[in-house]
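Hi everyone, thanks for making time for this today. I'd like to walk you through one structure, so please have the picture in view while I talk.

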Amino acid sequence: MFRRIGDAVVRHPVWTIVAWLIAAVAIVATAPSLPSTSDESSFLPKSYESIKAAEVQQEAFPSAFTPSAIALYQRTDGGKLTAADKQDVARITTELGQKKIDQVQKVVPGQPSKDGEYALTLVQMDEKYAGQPKQADAAEELREQAKDLAKGTELDVKLGGSAAQALDQQESSKRGEALIGIGTFVIILVTLLIIFRAPILAVLPLILIGLVSAIANGLIAFATKLFDLQANSSISSILIVVLFGVGTDYFLFLMFRYRERLRLGDEPKQAMINAVDRVGEAIASAAGAVIIAFFALVLSTLGFLKQMGPALAIAVGATLVAGLTLIPAVVSLIGPKVFWPSKSWQREPENARFAAMGRGMQRRPALFAVVSGLVLVVLSLGTFGFNATFDLAAGSMPKTKESMVVQDEMQKAYSAGAAAPTDVYLSSTDGKPLDRSAFDAYAQKLGAVDGVANASMTEVNKEGTTADFTVTLKYEASTDQAIDAVARVRNVAHADAPDGTEALVGGMSSIYKDIDTAVNQDYKTVFPVAAVLIMVILGLLLRSVVAPWYLIASVGLGFGATLGTTVWIFQDGQGHSGLMFMLPVIMYLFVVAIGTDYNILMIARLREEAREGREPREAAGMALRHAGPTVAAAGFILAATFATMMLAGNALLSEMGFAVSFGIAIAAFVMAMFFTPSLTALIGHAAWWPGHGDRAEEAAIGTGAGSIGSGSASGEDRDTVAHDPSGRRG
């Protein structure tokens, strides 16, 4: 199949390129804009208690005041507010309400702090657009207007709250995307120049993947709108890295094999056909593993991950098609001039280091397996210290952003939980009015819960069937203490609800508690499903039942080593309270799926060497010698491009960038290069049971269709092909 694809593309390169350009113009011109939200509650399905509580609030208290933005006032000299200052605060509050800013429904004064140094203005916005760009725009205007109104006074005013956080997160995301994009381009360009010493070849993948990126983003926007998926501003940053990192990987797989075929004497166009034929199955299998792993995120209960999975799968799918069609078409059109001015493509390098490592593995595979395995196990020990944090806003922007400064100052000036109180909604189950005489006792029981600062009945709806009890926690809403406290509040609220009533607990801490539950559920479903599906891909590729088990086990160890190291660096080293809650899910999929790429490339080359008639140990040594340079180059570029996410300047992308780049480095330089081939050498022929895919067969020798991988050909292959430029053996 891959030979036919290569033949069709190479014989008609212009038509292939024109088809891609037409597709790009059509998709980009008609694609809708990609929606985005930073509202954590939108990530959860309606079955969770915090979402049910929000529905009760909207039905029973449609005009209830829930501030979306908070203006925080303090004197410029840090002293207590004077009577004149308080008058200025009242004036600013009134005038802000008179501005009739879009999305703003109500502007009211808030409570002053107990120390008399702070005052508040509370702004309510349309809840239907919570977390959407409309409210970020409203927050921007509010911030400008408040600062203008405070000019000439002794007051310093800052805007915080969820709408202001959405604004700051949006601005931080744009800056992060720019830095990530520039960093990714520079790394790919410089690394390819060093590897090939050919400017055309260094620039080419950036141009081609840029075209694929435009198409992929358009397809993702269509899918997001069609299936009504949630989006988040972090997805764009991840997409840049996935498209250019994975795309460059597939470009390298193909170019290394193309260069090999030219060195063996193939005519240029035939060299590309043979390259697609030999490496196509490896690329398709590697991409298939990544796509399936990303699609497994559809099983997640979180809207953010549900959208991310298909988006990344579409991106990799588009990259796969480009790797088998667009790249071969363009390179075959240019021919060997793609390597200009370097002439190193004309001769076989010695690869002395990889040859030496290959000989070492051939002699002592057990030593290689034990040492690399111990490295993975030791690094995995850090996973026992993993702790999750749920403040997505704080994690996705620097602490210096204005909304984050407001959040920190409010925690000091007010009760830490005052900015995001917890609400307990007590509703009648039979539709009759509630017995109000039980309210005080119920509020006292809620207030007595460990971790609660105070609790009181706030209001009852017109029908008297639902009461709202406001519970202020002692801790900031996203902290572990607040999440534990809201779990205790739920227990008391449910157990002590008067007869004939039902209690639901809402608020941000309740949402974070449900996100915690949802993520733990995802661990039990997404992880195993992705692992099983990847094993199926490996089994079909290798025609083996045995090999997929230790391949997926090695990748699992790589995941553990990555998470453990990330915990040691960010939690223990930098003092973070925890890692972002979705990090293990994302890391698992990236490390497992993309890490499997390198395992596939190495094991496929090992099988090719075995089919030449070599014994398992010799085949492993030769595979390391020939495929090692490709794995090293691809692994370095992909790890380095993911590391650019650390330039974004926020905890979420810094942790994600380090974890994924380190995981890919482990996958390439420990798992694929040493652990997997050494284990295969030790297991021997049994690794390929029941298919015996490593045995030399007359049919395989006659056609050459069974060999895949990358790197330099073996000695027998070179001698044979030198006499047969078509690339067929025999």
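Let me begin with a term: when I say helix or strand, I mean a DSSP run, at least four residues of H or I for a helix and at least two of E for a strand, numbered from the N terminus. One more thing before we go in: this is a predicted model.

With that term in hand, let's visit a loop. Lys100 sits in the loop between α4 (83–98) and β2 (104–109). Its phi is near 55°, which is a positive value in a residue other than glycine. Is Lys100 buried or exposed? It counts as exposed, because its relative accessibility is 71% and the exposed class begins over 50%.

There is another residue of this kind further along. Arg543, again not a glycine, has a positive phi of about 55°. You'll find Arg543 in the loop between α18 (508–542) and α19 (547–573). With 47% relative accessibility, Arg543 counts as partly exposed.

While we're on backbone details, let's look at two prolines. The peptide bond from Trp340 to Pro341 is cis, with omega near 0°. Pro341 belongs to the loop between α11 (326–334) and α12 (352–363). Trp689 and Pro690 are also joined by a cis peptide bond, with omega about 0°. That proline, Pro690, is in the loop between α22 (651–683) and α23 (698–703).

Now let's step back to the whole chain. How many helices and strands does the chain have? There are 24 helices and 10 strands. The chain has 730 residues, and 59% of them count as buried.

Val9 is in helix α1 (residues 2–11), and its relative accessible area of 6% makes it buried. What does Val9 touch, leaving aside its neighbours within four places in sequence? The partners are Thr16, Leu324, Thr325, Pro328 and Ala329. Take Ala329: it is 320 residues away from Val9 along the chain, yet their C-alpha atoms are separated by 5.6 Å.

Val460 is the other valine, and it lies in strand β7 (residues 452–460). Val460 counts as buried too, at 18% relative accessibility, given that buried means under 20%. Again leaving aside neighbours within four places in sequence, Val460 is in contact with Phe61, Arg436, Phe439, Thr466 and Ala467.

On to charges. The structure holds 22 salt bridges. One of them pairs the side chains of Arg490 and Glu49, at 3.7 Å from N to O. Arg490 is in helix α17 (residues 480–495) and Glu49 in helix α3 (residues 49–60), so this pair ties together parts that are 441 residues apart in sequence. Both Arg490 and Glu49 are buried.

Please find Arg614 next. Its side chain meets that of Glu609 in a salt bridge, 2.9 Å from N to O. Arg614 also forms a salt bridge with Glu618, where the closest N and O atoms are 3.5 Å apart. Arg614 counts as buried, at 9% relative accessibility, and Glu609 is buried as well. Glu618 is partly exposed, with a relative accessible area of 32%. These residues are linked in a network of salt bridges that includes Arg257, Glu260, Arg605 and Glu608 as well as Glu609, Arg614 and Glu618.

Asp102, Asp137, Glu140, Glu141 and Glu144 gather in a patch of negative charge. Asp137 is in helix α5 (residues 133–150) and is partly exposed, at 44% relative accessible area.

The other patch is nonpolar: Val14, Trp15, Val18, Ile22 and Leu333 make up about 530 Å² of surface. Which helix gives the most to it? That is helix α2 (residues 13–30), with 4 residues. Trp15 is in helix α2, and at 66% relative accessibility Trp15 counts as exposed.

That's my tour, and I'm happy to take questions.

Terms used. Residues numbered from 1 in each chain as written. Predicted model: local features only at pLDDT ≥ 70, side-chain atom pairs only at ≥ 80, totals over all residues. Heavy atoms only, no water. Patch = residues over 30% accessible without salt bridge, like charges linked within 9 Å, V, L, I, M, F, W, Y side chains within 5 Å. Areas by Shrake-Rupley, 256 points an atom, 1.4 Å probe, with all protein chains shown as cover. Salt bridge = Lys/Arg side-chain N within 4 Å of Asp/Glu carboxyl O. Lys, Arg positive; Asp, Glu negative; His and termini not counted. Charge placed at Lys NZ, Arg CZ, Asp CG, Glu CD. Buried < 20%, exposed > 50% of the residue type's maximum accessible area, 1.4 Å probe, protein only. Contact = heavy atoms within 4.5 Å.
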